[in-house]
Structure formats: C-alpha cells, structure tokens
Amino acid sequence: MLSLKKNSDSPVAVNSKEAVAEILGILEGTKPTAESGETGTPVGVENIINVDFISEENVICRLFLYEDEGEYFIEQTGNGVYTISKETYDSIERYMTGIITGCGKNLRE
C-alpha cells in the first residue's frame with residue numbers, strides 16, 4: 001500500500017496493486033543530482049508530497065517529491081536527490097485528487 005500526503009493535507013491511501021505499480025512506473029527514469037539527501041525532510045521548499053510505502057501498517061520507505069525554484073525533485077533520506085519532470089510531479093499529485101482512473105475504476109481503491 002502507498003500513502004500520499006501533500007503538506008498538511010490528509011493522507012490519501014492507495015491500495016490497488018495496479019495503482020501502486022502505475023505510481024512506481026511514473027517514478028522511474030529519475031536522474032541523480034549532486035545532493036546527498038541526508039537531511040531528512042527537505043527544508044526551505046513548498047508543496048512537498050510524501051510518498052510512504054507501507055507494509056503491515058509500518059512505513060518501510062518514504063520519498064519526498066517537491067518543487068524548488070522551478071525544478072522538481074524526488075528525495076529519499078540517505079539515498080539521494082533525483083530530478084523529475086513537472087509532468088511526473090503533476091501525475092503523482094493527481095492521485096491525491098482522485099483524477100487518475102484506469103480500467104473504468106478509480107485506481108486509488
């Protein structure tokens with residue numbers, strides 16, 4: 001299961017295997033930056049989306065997607081900072097509003 005949360009909004013659970021696979025597919029193709037990603041939650045940026053991978057109610061991995069000065073990034077503490085496109089950021093953000101659908105059903109369910 002995935003949990004998506006933007007800023008102080010309520011988290012959105014993504015339970016569908018198809019949706020989780022689609023989100024993982026969206027996140028592929030990132031490019032590493034020179035940043036280390038060792039500080040935990042990114043600071044000094046707005047519109048952070050937390051992507052939590054959850055197993056048996058425990059967060060096993062957390063990714064941060066955010067925009068900083070017109071560029072978009074994905075960060076994992078201890079693993080690094082990677083660039084992503086605005087389209088990738090927007091695709092993940094759409095899951096939070098339930099806009100993305102597939103196979104005639106909402107993929108969040």
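Colleague: Which loop does Glu69 lie in?
Modeller: The model is a predicted one. Glu69 is exposed, with a relative accessible area of 75%. Its place is the loop between strand 5 and strand 6.

Colleague: What is the phi of Glu69 near?
Modeller: Glu69 is a residue other than glycine, and its phi is positive. The value is near 55°.

Colleague: How many helices and strands are there in the chain?
Modeller: From the N terminus on, the elements run β-β-α-β-β-β-β-β-α-β-β. The count for the chain is 2 helices and 9 strands.

Colleague: In what order do the strands form the open sheet?
Modeller: The sheet is made by 7 strands, and the pairing is antiparallel. Strand 2 and strand 3 are the edge strands, each pairing on one side only. The order is 2-1-4-5-6-7-3.

Colleague: How many bridges join strand 4 to strand 5?
Modeller: Strand 4 covers residues 46–55 and runs antiparallel to strand 5. One of the residues in strand 4 is Asn50, and its bridge partner in strand 5 is Phe64. The number of bridges joining strand 4 to strand 5 is 8.

Colleague: Is Asn50 buried or exposed?
Modeller: Asn50 touches Ser3, Leu4, Lys5, Arg62, Leu63 and Phe64, not counting residues up to four places away in sequence. The relative accessible area of Asn50 is 17%. Buried means under 20%, so Asn50 is buried.

Colleague: Which residue in strand 7 is the bridge partner of Pro32?
Modeller: Strand 3 (31–32) is one of the edge strands. Strand 3 and strand 7 pair in the antiparallel sense over 2 bridges. In strand 7, the bridge partner of Pro32 is Tyr82.

Colleague: And which residue in strand 7 is the bridge partner of Ile74?
Modeller: Strand 6 and strand 7 run antiparallel and are joined by 5 bridges. For Ile74, the bridge partner in strand 7 is Tyr82.

Colleague: Which residue takes a positive phi in the hairpin of strand 6 and strand 7?
Modeller: This hairpin has 3 residues between the strands. The positive phi there is near 80°, and the residue that takes it is Gly78.

Colleague: Where do the buried residues of helix 1 fall, seen down its axis?
Modeller: The buried residues in helix 1 are Ala19, Val20, Ile23, Ile26 and Leu27. Seen down the axis, they line one face of the helix, because they fall within an arc of 120°.

Colleague: Which residue's side chain makes a polar contact with the side chain of Ser16?
Modeller: Ser16 is found in the loop between strand 2 and helix 1. It is buried, with a relative accessible area of 5%. At 2.7 Å, its side chain makes a polar contact with that of Glu18.

Colleague: What separates the C-alpha atoms of Ser10 and Met96?
Modeller: Ser10 is found in the loop between strand 1 and strand 2. Ser10 is exposed, with a relative accessible area of 58%. Along the chain Ser10 and Met96 are 86 residues apart, while their C-alpha atoms are separated by 9.5 Å.

Colleague: What is the phi of Asn7?
Modeller: Asn7 lies in the loop between strand 1 and strand 2. It is partly exposed, with a relative accessible area of 41%. Although Asn7 is not a glycine, its phi is positive, about 50°.

Colleague: What share of the residues of the chain count as buried?
Modeller: The chain exposes about 6400 Å², and carbon and sulfur atoms supply 46% of that area. Of the 109 residues, the share that count as buried is 41%.

Notes: Residues are numbered from 1 along each chain as its sequence is written. This is a predicted model: local features need pLDDT of at least 70, side-chain atom pairs count only at pLDDT 80 or more; totals for chains, interfaces and linings use all residues. Side-chain values use heavy atoms; hydrogens and water are left out. Helices (H or I, at least four residues) and strands (E, at least two) are DSSP runs, numbered from the N terminus. Buried means under 20% relative accessible area, exposed over 50%, partly exposed in between (1.4 Å probe, protein chains only). A polar contact is a pair of N or O atoms within 3.5 Å; within protein, one must be able to donate a hydrogen and the other to accept it, and residues adjacent in sequence count only if both atoms are side-chain atoms. The arc is that of the directions from the helix axis to the C-beta atoms. Two strands pair if DSSP finds at least two bridges between them. Accessible areas come from the Shrake-Rupley method with a 1.4 Å probe; for residues, only the protein chains shown count as cover. Contact means heavy atoms within 4.5 Å.
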